[in-house]
Amino acid sequence: MKHYFTHPQAIVESEEIGADTRIWAFAHILPNAMIGSNCNINDHTFIENDVVLGDNVTVKSGVYIWDGVRIKDNVFIGPNVTFTNDLRPRSKQYPSEFLETILEEWVSIGANATIIAGNTIGKYAMVGAGSLVTKNIPNNTLWYGNPAKFKGYICNCGEKLSQQFSCPACGKQYSLKNEIIIEN
């Protein structure tokens, strides 16, 4: 007995779907994809075979997730985000293995952002809408633009930190050690 919801117009070939996940119309999930619990896979999405999604992941409409993408728990992927998995694509010529792209826990990716293959986006990082990610992004940082550039530090709750590394919303305090933000 399956413990997740599939819209009648979705194609779900994988049996590795966690409890309470919702898969909406015109989504297509290939047989070897692994989807965690309590995910929300919106309309017009495609998830290839060598993809892993953690728990509580939101994938908005128009997102295609290709082989080699690893998405950890509590990640938000905005509408029409684009992932790549081959830095030198050619028709009918495939690499021996696709580059791995990792989105760590609590990452948020804004609408229409493009994530170039082989990069890691750190925990609690946020990428603004329309951005082009061409390199690794550290934890608790905000990036946007084309190419995406560092724009500040953010709290685990998603608010931009003050110059004193404190959160105006929840009051958490952070410090900077070796250019890495750490919660106190």
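**Reading charges in a predicted model**

Mentor: Start with Arg 70, which is buried, at a relative accessible area of 18%. Keep in mind that this is a predicted model.

Trainee: Why does Arg 70 count as buried?

Mentor: Buried means under 20% relative accessible area. Arg 70 has 18%, so Arg 70 falls in that class.

Trainee: How many salt bridges does the structure hold?

Mentor: There are 4 salt bridges. One of them joins the side chains of Asp 50 and Arg 70, at 2.8 Å from N to O. Asp 50 sits in the loop between β8 (46-47) and β9 (52-53), while Arg 70 belongs to strand β12 (residues 69-71), so this pair ties together parts that are 20 residues apart in sequence.

Trainee: Is Asp 50 buried or partly exposed?

Mentor: Asp 50 is partly exposed, with a relative accessible area of 38%.

Trainee: Which residues form a network of salt bridges?

Mentor: Asp 50, Arg 70 and Glu 100 are linked that way. The side chains of Glu 100 and Arg 70 meet in a salt bridge of 3.5 Å, N to O. Glu 100 lies in the loop between β14 (82-83) and β15 (101-103), and Arg 70 in strand β12, so here the parts tied together are 30 residues apart in sequence. Glu 100 is partly exposed, with a relative accessible area of 43%.

Trainee: What does Glu 104 form with Lys 72?

Mentor: Glu 104 and Lys 72 form a salt bridge, and their closest N and O atoms are 3.1 Å apart. Look at the loops. Glu 104 is in the one between β15 and β16 (108-109), and Lys 72 is in the one between β12 and β13 (76-77), so this pair ties together parts that are 32 residues apart in sequence.

Trainee: Now the surface. Which residues form a positive patch?

Mentor: A patch takes residues that have over 30% relative accessible area and no salt bridge. In this structure, Lys 135, Lys 149, Lys 151 and Lys 160 form a positive surface patch.

Trainee: Where does Lys 160 lie?

Mentor: Find the loop between β22 (149-153) and β23 (174-177); Lys 160 is there.

Key. Residues are numbered from 1 along each chain as its sequence is written. This is a predicted model: local features need pLDDT of at least 70, side-chain atom pairs count only at pLDDT 80 or more; totals for chains, interfaces and linings use all residues. Side-chain values use heavy atoms; hydrogens and water are left out. Patches are made of residues with over 30% relative accessible area and no salt bridge: like charges are joined within 9 Å, nonpolar side chains (Val, Leu, Ile, Met, Phe, Trp, Tyr) within 5 Å. Accessible areas come from the Shrake-Rupley method with a 1.4 Å probe; for residues, only the protein chains shown count as cover. Lys and Arg count as positive and Asp and Glu as negative; His and the chain ends are not counted. The place of a charge is taken as NZ of Lys, CZ of Arg, CG of Asp or CD of Glu. Helices (H or I, at least four residues) and strands (E, at least two) are DSSP runs, numbered from the N terminus. Buried means under 20% relative accessible area, exposed over 50%, partly exposed in between (1.4 Å probe, protein chains only).
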